[in-house]
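This report concerns a predicted model. It turns to the pockets and then to a pair of strands.

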Amino acid sequence: MERIQNVLQSAGIAVSGQQLEQLNDYYQMVIETNQVMNLTAITEKEEFILLHYLDSLAPLYAAPELKPLFGIPGKESVRMIDVGTGAGFPGIPLKIICPALEVTLLDSLQKRVHFLDKVIGALSLSGITAIHSRAEDAARVPGLRDSFDLAVSRAVANLSALSEYVLPFVKPGGTFLAYKSGEVREELASARNAIRLLGGEAEAPVSVTLPDSDVARTFVPIRKGKPTPKAYPRKAGTAKKQPL
């Protein structure tokens with residue numbers, strides 16, 4: 001975990017021994033649980049650190065313009081939701097490194113949410129909750145819809161469909177930060193009308209390369225200017241089958 005510490009400290013982000021211990025314990029829990037439940041295909045420690053931890057944390061150290069979304073440098077409280085969190089990425093690493101974040105982890109598989117609850121308890125994390133629900137259903141729940149300062153997602157989906165899943169959670173004035181791989185210009189161009197329909201406006205993508213690797217990551221910040229129309233998201237499965 002010293003690699004994470006060095007990368008973050010080079011960006012002016014102090015990391016304590018307790019935070020490194022939490023990251024290490026989280027890794028151990030993922031690997032142990034992965035033997036009985038499919039959480040990740042990435043199990044070798046250095047690869048895990050790069051593709052799960054450093055990837056999740058990349059907005060903090062590789063893109064200074066994105067740091068304010070997470071309350072840095074002021075470290076003020078920010079309410080964030082991670083949609084389709086899976087084994088907890090990027091939400092849990094971000095919570096560990098930015099304790100002031102108020103985090104909601106959303107996933108559609110109950111056994112993954114049970115695992116996330118165990119991680120939250122084992123790491124003694126506060127201000128973080130895991131919810132079992134499909135995004136289409138959770139986005140209609142009062143207290144979740146139009147409620148978050150920031151939404152993040154590493155889920156694999158077309159940006160048009162992903163925006164329909166995620167933007168309803170973001171309050172006007174907030175941001176959806178989509179984690180995408182590599183080049184996104186064509187995908188973003190085809191999604192712009194859908195994003196506007198959902199109340200958002202895409203800003204310039206931010207491309208980074210993960211440290212000491214050739215792994216490219218592109219972040220697409222989508223600023224929400226007005227509430228998402230009540231018709232969205234559509235019923236489960238529709239966004240994927242019939243993108244806006």
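## The largest pocket

In this predicted model, 38 residues line the largest pocket. Those nearest its centre are Gly84, Arg154, Ala155, Val156 and Ala157. The space in the largest pocket comes to about 990 Å³.

Several elements of secondary structure contribute to the lining of the largest pocket. Helix H3 (45–61), helix H6 (135–138) and helix H7 (159–166) each supply at least two residues, as do strands S2, S5 (170–181) and S8 (216–224). By residue type, the lining of the largest pocket divides into 18 nonpolar, 11 polar and nine charged residues.

## The second largest pocket

The second largest pocket holds about 190 Å³ of space. Its lining consists of 16 residues, and Ile13, Ile72, Lys75, Ile97 and Cys98 lie nearest the centre. Of the residues in the lining of the second largest pocket, 10 are nonpolar, three are polar and three are charged.

## Strands S2 and S3

Strand S2, which supplies at least two residues of the lining of the largest pocket, spans residues 102–107. S2 pairs with strand S3 (residues 128–132) in the parallel sense, over five bridges. Within this pairing, Asp107 stands opposite His132 in S3.

Between S2 and S3 the chain passes through helix H5 (residues 110–122).

Notes: Residues are numbered from 1 along each chain as its sequence is written. This is a predicted model: local features need pLDDT of at least 70, side-chain atom pairs count only at pLDDT 80 or more; totals for chains, interfaces and linings use all residues. Side-chain values use heavy atoms; hydrogens and water are left out. Two strands pair if DSSP finds at least two bridges between them. Helices (H or I, at least four residues) and strands (E, at least two) are DSSP runs, numbered from the N terminus. A crossover is right-handed if, with the strands pointing away from the viewer, the path from the first strand over the helix to the second runs clockwise. On a 1 Å grid over the protein atoms alone, a cavity is a set of points where a 1.4 Å probe fits but cannot get out, and a pocket is an open set with protein on both sides within 12 Å along at least five of seven lines; lining residues have an atom within 4 Å of a point. Grid points are joined across faces, edges and corners, and a volume is the space filled by probe spheres set on the points. Ala, Val, Leu, Ile, Met, Phe, Trp, Tyr, Cys and Pro count as nonpolar, Asp, Glu, Lys and Arg as charged, and the others, Gly among them, as polar.
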